[in-house]
Amino acid sequence: MSQTRPQRNIAELLLTLCMALASAAACGQVSGDAEWPTYGNDPGGMRYSPLSLINRENVSKLKVAWMFHTGDISDGSRDRRRSGFEATPILVDGTLYFTTGFNRVIALDPETGKQRWAYDPKIDLTLDYGDGLVNRGVATWLDPARSFGQPCHRRIYEATLDARLVSLDAATGKPCFDFGEYGQVSLRDVPGYRAGWYHMTSPPAVIDDLVVVGSAIDDNQRIAMPAGVVRAFDVRTGALRWSWDPIPVSEGAGQNKETERRTGAANAWSIMAVDLQRDLIFIPTGSASPDYYGGLRPGDNKWANSVVALHAKIGEIAWGFQLVHHDLWDYDTASPPLLTTLRHNGEDVPVVIQGNKTGFLYVLNRDTGRPVFPVEERPVPKSDIPGEASSPTQPFPVAPPALAPQKVSAEDAWGPTPQDRETCRNWIRGLRNEGIFTPPSTQGTLVVPGNIGGMTWSGYAFDPQHSLLVVNTNNLIAKAKLIARADFWKDEVRTEDGDYAPQVGAPYGLFRRFLQSPSDLPCTSPPWGQLTAVDMTEGKIRWQTPLGSMQDFGGKQPLVPAGSINLGGPIVTAGGLVFIAGTFDPFLRAFDIETGKELWKARLPAGGHATPMTYRLGANGKQYVVIAAGGHPKITEESLSDALVAFTLP
């Protein structure tokens, strides 16, 4: 007989007794498990793990422990959008939970990767979801009024692409029928709702007895896109408790409740953060609609492009801070807020760290919203579009420095061949180009960074041991051009490949594209993606290193410098490691937190455009690192997969 099996039986017996006498959440110490209970591990989203079984000394020995295939892949045929696999699993009560791009919720054994149950909400896979078929995960809540073994003692929540909020029994995967109607609540009751255009990709946030959801939309279709309302529902019944609209109709200039809404969106499509002690939930908001023309939405458009702290019980604003006034560039607050405590001027200060697509990083007092490092309102270029009143100033943090380039000249253009470089230079010379915050124009404007430049939904991770924030960024420029309504649909105007968006109701449609040379590589100087560690005590960059490679992007290229465009965030561990995938080359990597040196990498079945997570199992004493590897729905040069991959030490 094995010497280990009786020990495992004793551990399992102790865990069973603990669950019978208390709650499953209190039994982690008995089982020896180290969980990952929310998207960012802790409710404030630090993405930090205190585990150190995998560390700088042994990370090179990591091997695949198991691989699970969901079966949910769409290549864009059969009237479906392409799929991605961007979920970050959570681990609670000895089970892994995650979502697929088809919105199926799956529960796995975290040691073997074997399926325990799956739930299919049966979404319409043919709707026009602008983000493709993607979902980034689930949230959970433990009911203190129900004992272990009762139905829905623990619940799993998912917000679906077709705008439903679903509540499931964590033990069985069956709907919690006391929640809404047969286990789900419709999220479609918002001004301007349109199926497909209005959808959910991020996990809900849970605070006390509330489950809170935002939304995603298809950008630039019309002026009055669906409202970016944030809503809180009772965790047990699904009853609506409050709703908050970042841009109330009654507050818009020239608007009233009887007139047509002249804007929308400002939606919270990214991950929210929670402060249980302060009863605050932190909301990152996107741009108002349409993104590139604001003549019908005058003013700053608060609270679009902001981070807003709401009193969770009532849904009212505690404070807000706007990162971009009157956005004309699609500079969403895409990165999740991150809550931590920093040592500043000799005091411990509770803060919210908030990044933006601009490449700026803001550090705000968590109680007041006031900047911890100074922020200056500086003059920016003025729009030359009739009827457009661009903001005369924008908020520039004094520290930390911008983490992505914000000005590119024709002389800065790059290409692997002289022809590539000259093509890029000519494109840049022909555009209005006055650095960051140059407004869109009919001539065409160089947007620096582009709309996936700077910091994306990938976010960042904070190591409290070293006071280091680890951030992955992109260095990618774009062209934005406004096209007069009368000319928008003319074939002779549509001479470039790119994204043509109607912005119906506005006097201008939109053309935009990323600037890539004939080689298909970016026109900006590499690295096109990098990993940065910011000393958050001093507000200075500690180290930077290229992240990944685009050597084989779009086929074999001449020798290409290091650094890849990336979508998918980092985590950090007490083992002195940063784990991150996200690059166009399909690898998961580990870096030294103190130096930025790459210590290990492993090839994945496809690009890992997701944030990894890590956990320890008391049953075998091992630490695991898990990443979803599915490719990206909008990067057709990438292969697709459906693999969830777990690594551990032999």
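Ring pairs join F321, W329, Y331, F360, Y362, F396 and F437 into a cluster; rings of Phe, Tyr and Trp (its six-membered ring) pair if their centres lie within 6.5 Å, with planes under 30 degrees apart counted as stacked, over 60 as edge-to-face and the rest as tilted. This is a predicted model, where local features need pLDDT of at least 70 and side-chain atom pairs count only at pLDDT 80 or more, while totals for chains, interfaces and linings use all residues. Residues are numbered from 1 along each chain as its sequence is written, and side-chain values use heavy atoms, with hydrogens and water left out.

In total, the structure holds 21 aromatic pairs. Take F321 and Y362: their ring centres sit 5.7 Å apart with the planes at 55 degrees, so this pair is tilted. F321 belongs to strand β20 (residues 316–322) and Y362 to strand β23 (residues 361–365), so the pair ties together parts 41 residues apart in sequence; strands here are DSSP runs (E, at least two residues), numbered from the N terminus. Both partners are buried (under 20% relative accessible area, 1.4 Å probe, protein chains only), with F321 at 13% and Y362 at 1%. W329 is buried at 3% relative accessible area, and Y331 is buried at 0%.

Zooming out, buried residues make up 63% of the chain's 650 residues. Of the contacts (heavy atoms within 4.5 Å) with a separation of 6 or more, 62% come from residues 24 or more positions apart.

How values were computed:
Buried < 20%, exposed > 50% of the residue type's maximum accessible area, 1.4 Å probe, protein only. Helix = DSSP H or I, 4+ residues; strand = E, 2+ residues; numbered from the N terminus.
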